[in-house]
Protein chains: 2
Amino acid sequence: ENVLETKKSVLQQIKVPNGHGMSQLFVTDTGLVVPSISPDLRSRLFSTAEKFGFTQERQIEMVGRSASEMVLQLLGGPHRLNPNNGHQVPTVVLLCGPHLQGTQAINCARHLSNHNVNVYLVLPNFIKMNKYMEEELKLFAFCDGNRISNLKGKNSDITIELSQMGTGSQISKRDGNRISNLKGKNSDINRSPGWEQVNLKDLPLGSVDIIINALDNQETPNLKDQVWYKTLVEWANQNRAPVLAMDPPVESNSVRAKWCLSIGLPLNMVMQSSQLYLCDLGFSKKVFAEVGIKYLSPFSHKFTIPLHPKE
Amino acid sequence: ENVLETKKSVLQQIKVPNGHGMSQLFVTDTGLVVPSISPDLRSRLFSTAEKFGFTQERQIEMVGRSASEMVLQLLGGPHRLNPNNGHQVPTVVLLCGPHLQGTQAINCARHLSNHNVNVYLVLPNFIKMNKYMEEELKLFAFCDGNRISNLKGKNSDITIELSQMGTGSQISKRDGNRISNLKGKNSDINRSPGWEQVNLKDLPLGSVDIIINALDNQETPNLKDQVWYKTLVEWANQNRAPVLAMDPPVESNSVRAKWCLSIGLPLNMVMQSSQLYLCDLGFSKKVFAEVGIKYLSPFSHKFTIPLHPKE
């Protein structure tokens, strides 16, 4: 271990095994080095933790709560949320896919709503939903947050038309079955079989403070081909609100994210342009040791910390 | 609701039903009023939440994590825990009874140990232990914290002798089966059947930064009669470290506490001399409504907040 007696001393308390791809190095605000790991190694870390008794439910609660704490800070903390100061209630939209990231976002949405944030949870009605997602949805139903699931509305006033090629979108007005393009160009493409309508009328009409993108998951890249996915990506990219990416895959994200929340240890990202945050899962170092990672917590007194690329 | 346009405006967003004892009023730093509730009403709140799907495991994780965050701050936050600054690693002793508070403290102990605090978990080997306590102990076993369970040691060098009447203690040196009183007075009382030895030699010899008292529980006041309980209370009261009481009962606490962590809503305390903190359980307002409490979160951007008696 390399301890330098300078203001910016560097201490590598975490060491990852070789042979798991190109590990990147990050530093915490206090100068601790945090290396990235491969998605494969992280999967083994998660499954080992579960085997040791750190249940999925517990892990989801850790991540959802950390994400909500982070978002409450990003929204402006006490100044924004003080009911006495007359600020407008902040609005957060959470875009969820049918996987772990989506489940964590539902948990986060509940905590945000409990803390008086105006919440929109966007989650298509998937046929197959795992039990953890169902549990989180059950708890979410007791809060005041809005859930938007019926993305293919029949009586919608405003729809977004979107090519399956993801080349662009036009806002259209729908009157019965007739579609009048408001900003139509290439109208022949618009009517091709590749276009479908997705109802977004339930999304907030006013300004959105933060969008949480929990659409992406390392193990299910095929979601990207689905219409609801493309519609939501398009909507998020058109919106001016800053985006927090919830544990995105190593390939570049479909939605430009200002912030990115990594879980446990950061992944070997192909490209990383967001401000990176790391969230503690509460695993003890023996769990890390089991998959070959020498670990000493970099979190100090916090459960979520910013990470900076090591020069 | 009474909104005053002054610097210290007061807003009562939480209202509790009548007929549940003398409700006390507290205010948050931002001027929100938080009333106390009876232990009976709180029990119903907890069981309602569980019925709604907020599992015990989830609640324990919420409380344990909040308690650990609070303790990490009280220890000195980033200054104390920065591995570069050469401070001594902080030491926390957690005294646990066989109940919910004890279980929350085990969870807290794990998080503290994960965050590099030197932890001593003191928990007698109870014959009957509920499954949540067993789960938390299983997870605690993976961290570096010390667990002290065998309180009735055979080969102890130092024992504390204690009357079942709780009148006082003497430090004794034990040599085989012979007990030589070091500070003996009233030696006839010392040898009466009411005295027993409890081994405390595994507790830290150096200074302790914070003691967490999770010995007390509203529903099991009879613990107070047991020798291990009295020994630990005596030890804590003799130690100079400040004490955090983990959700204590409404009657005055056996150990003088500098801080007190309440869960969900504060209880109607008979006497409250500690600095009160309140911890969010993540229940939505519909859970509170089910037991007649009108609720809007007073937590702002945090999950643990200080409360002050309302003038």
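This is a predicted model: local features need pLDDT of at least 70, side-chain atom pairs count only at pLDDT 80 or more; totals for chains, interfaces and linings use all residues.
Local features were required to have pLDDT of at least 70 and side-chain atom pairs pLDDT 80 or more, while totals for chains, interfaces and linings use all residues. Residues are numbered from 1 along each chain as its sequence is written, chains are lettered from A and ligands numbered from 1 in the order in which they are written, and side-chain values use heavy atoms, with hydrogens and water left out.

## Chain A

Chain A contains 8 helices and 14 strands; these are DSSP runs numbered from the N terminus, helices being H or I of at least four residues and strands E of at least two. Of its 311 residues, 57% are buried, a term that denotes under 20% relative accessible area, with exposed meaning over 50% and partly exposed in between (1.4 Å probe, protein chains only). Among contacts in chain A between residues at least 6 apart in sequence, 65% join residues at least 24 apart, a contact being heavy atoms within 4.5 Å.

Strand 3 of chain B (residues 91–96) is largely enclosed by the rest of the structure, because 6 of its 6 residues are buried. On one side lie B:T91, B:V93 and B:L95, and on the other B:V92, B:L94 and B:C96. In a regular strand, side chains alternate between the two faces of the sheet.

The pairings of these strands are collected below; two strands pair if DSSP finds at least two bridges between them.

| Strands of chain B | Sense | Bridges |
|---|---|---|
| Strand 3 and strand 4 (residues 118–122) | parallel | 5 bridges |
| Strand 3 and strand 10 | parallel | 5 bridges |
| Strand 10 (residues 210–214) and strand 11 | parallel | 3 bridges |
| Strand 11 and strand 12 (residues 259–263) | parallel | 3 bridges |

B:L95 is partnered by B:V122 in strand 4 of chain B, and B:L94 by B:I212 in strand 10 of chain B. B:I211 has B:V243 of strand 11 of chain B as its bridge partner, while B:A245 stands opposite B:C260 in strand 12 of chain B.

Strand 11 of chain B (residues 243–246) directs B:V243 and B:A245 one way and B:L244 and B:M246 the other, and all are buried. Strand 10, helix 7 (residues 227–238) and strand 11 of chain B form a right-handed β-α-β unit. Right-handed here means that, with the strands pointing away from the viewer, the path from the first strand over the helix to the second runs clockwise.

## Loop residues of chain B

B:N217 lies in the loop between strand 10 and helix 7 of chain B and is buried, with a relative accessible area of 9%. Its side chain makes a polar contact with the side chain of B:Q101 at 2.8 Å. A polar contact is a pair of N or O atoms within 3.5 Å; within protein, one must be able to donate a hydrogen and the other to accept it, and residues adjacent in sequence count only if both atoms are side-chain atoms. A polar atom of the B:N217 side chain also lies 2.9 Å from the backbone nitrogen of B:E219.

Most residues other than glycine have a negative phi. B:D247, in the loop between strand 11 and strand 12 of chain B, has a positive phi of about 45° and is buried at 3% relative accessible area. B:S300 has a positive phi of about 50°; this residue belongs to the loop between helix 8 (285–290) and strand 14 (304–309) of chain B and is buried at 14% relative accessibility.

## Contact between the chains

The contact takes 53 residues from chain A and 53 residues from chain B. Together the chains bury about 4800 Å², 50% of it on carbon and sulfur atoms; buried area is the accessible area (1.4 Å probe) that two parts lose on being put together, summed over both.

Across this interface there are 10 salt bridges, each a side-chain nitrogen of Lys or Arg within 4 Å of a carboxyl oxygen of Asp or Glu. One salt bridge joins B:R65 to A:E69, with the closest N and O atoms 3.0 Å apart. Helix 2 of chain A supplies the largest share of the side of chain A that touches chain B, 10 residues.

A:H115, in the loop between helix 4 and strand 4 (118–122) of chain A, is buried at 1% relative accessibility. Among the residues it touches are A:L72, A:L81, B:D280 and B:S300.

Note on methods. Lists of a residue's contacts leave out its neighbours within four places in sequence.
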